[in-house]
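Try each task first, then compare your steps with the solution.

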Amino acid sequence: MGKDENGVVYGTEDLLTALCNSVTRVLNVATQTKIHYSAMVQRITKIGLKPDIGCFVLFDGGFSGLVVLNFSGSAALEIYEKYMLSMGMPKSELASAFTSDEVSNILGELMNQIVGDFTGKIRRELQTNITQNQPKMLVLNKQVMLSVDTPLDRPEIRRVSFFTENNNIFYLELAIDRTEFIKLHDFDSSEVLDPDALLDSEQADRAKDKPAPAEAPAGDDDSDELLRSLGM
């Protein structure tokens with residue numbers, strides 16, 4: 001993060017770094033290998049899906065944007081195979097071609113986890129909320145280029161190169177509205193507030209503090225029934 005007179009500023013490159021760290025964290029755990037990204041980032045003017053496999057996710061909320069992962073066939077197959085092997089699947093049962101639907105499904109699942117990790121981090125560290133749509137995967141012919149339009153007023157677009165353990169390359173592209181987050185005061189970014197958990201806790205406390213209902217006095221059956229109908 002950088003600093004200015006108003007405090008700590010969180011800008012485009014910080015968001016990109018957070019997203020890159022989510023990519024490496026999720027894929028390192030999923031594949032049980034070491035995936036890393038380049039220290040150099042590219043400023044680009046157009047974002048799109050490229051061969052061999054392209055995956056994109058739109059997000060909206062505190063800020064809007066688009067995340068694209070473009071895999072070479074070899075990178076896609078390596079990530080798929082190492083993920084499935086780490087899950088205990090025998091190699092003989094794995095898909096042998098990156099064009100298989102199973103490969104696309106697994107990469108889409110991993111993409112969903114990556115963006116979920118990123119949105120959780122944004123919620124904690126920037127105290128804002130973004131929502132994502134379901135990842136879309138496309139197996140593309142080498143002669144096809146699919147551009148994705150984004151409803152951004154002042155888009156900033158970046159590309160980062162990633163390298164697998166076998167040195168296969170894939171690319172992350174991010175397009176977001178130009179934005180900056182300025183810290184007004186200190187807060188604990190490690191605390192995760194779960195509204196459902198807070199509601200359940202509050203209801204449990206109320207139930208615990210609520211006095212036990214008084215025992216109805218003995219009487220005939222009609223009187224007991226009337227008292228029960230009145231909630232007594």
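**Exercise 1. Find which element gives the most residues to the lining of the largest cavity.**

Solution. Step 1: this is a predicted model, in which local features need pLDDT of at least 70, side-chain atom pairs count only at pLDDT 80 or more, and totals for chains, interfaces and linings use all residues. Residues are numbered from 1 along each chain as its sequence is written, and side-chain values use heavy atoms, with hydrogens and water left out.

Step 1: set the rule. On a 1 Å grid over the protein atoms alone, a cavity is a set of points where a 1.4 Å probe fits but cannot get out, and lining residues have an atom within 4 Å of a point. Grid points are joined across faces, edges and corners, and the volume is the space filled by probe spheres set on the points.

Step 2: count. One cavity of 30 Å³ or more turns up, and the largest holds about 30 Å³.

Step 3: list the lining, which consists of Leu27, Leu69, Phe71, Leu107, Leu110, Met111 and Ile114. Two or more of these residues come from each of β6 and α3. With four residues, α3 gives the most. Helices here are DSSP runs of H or I with at least four residues, strands are runs of E with at least two, and both are numbered from the N terminus.

**Exercise 2. Is Met111 buried or exposed, and what does Met111 touch?**

Solution. Step 1: buried means under 20% relative accessible area, exposed over 50%, and partly exposed in between (1.4 Å probe, protein chains only). At 1%, Met111 is buried.

Step 1: contact means heavy atoms within 4.5 Å. Leaving out residues up to four places away in sequence, Met111 touches Cys55, Phe56, Val57, Val67, Leu69 and Pro135.

Step 2: look at one partner. Val57 is 54 residues from Met111 in sequence, yet their C-alpha atoms are 8.2 Å apart.

**Exercise 3. Which residues touch the most other members of the largest nonpolar core?**

Solution. Step 1: a nonpolar core is a set of buried Ala, Val, Leu, Ile, Met, Phe, Trp, Tyr and Cys residues joined through side-chain atoms within 4.5 Å.

Step 1: among the 47 members, Phe170 and Leu172 touch the most others. Elements that each supply at least two residues include α1, α2, α3, β10 and β11. A second, separate core has 10 residues, among them Ile47, Leu66, Leu140 and Ile157.

Step 2: Thr164 sits in the loop between β10 and β11, and counts as buried at 3% relative accessibility.

Terms used. On a 1 Å grid over the protein atoms alone, a cavity is a set of points where a 1.4 Å probe fits but cannot get out, and a pocket is an open set with protein on both sides within 12 Å along at least five of seven lines; lining residues have an atom within 4 Å of a point.
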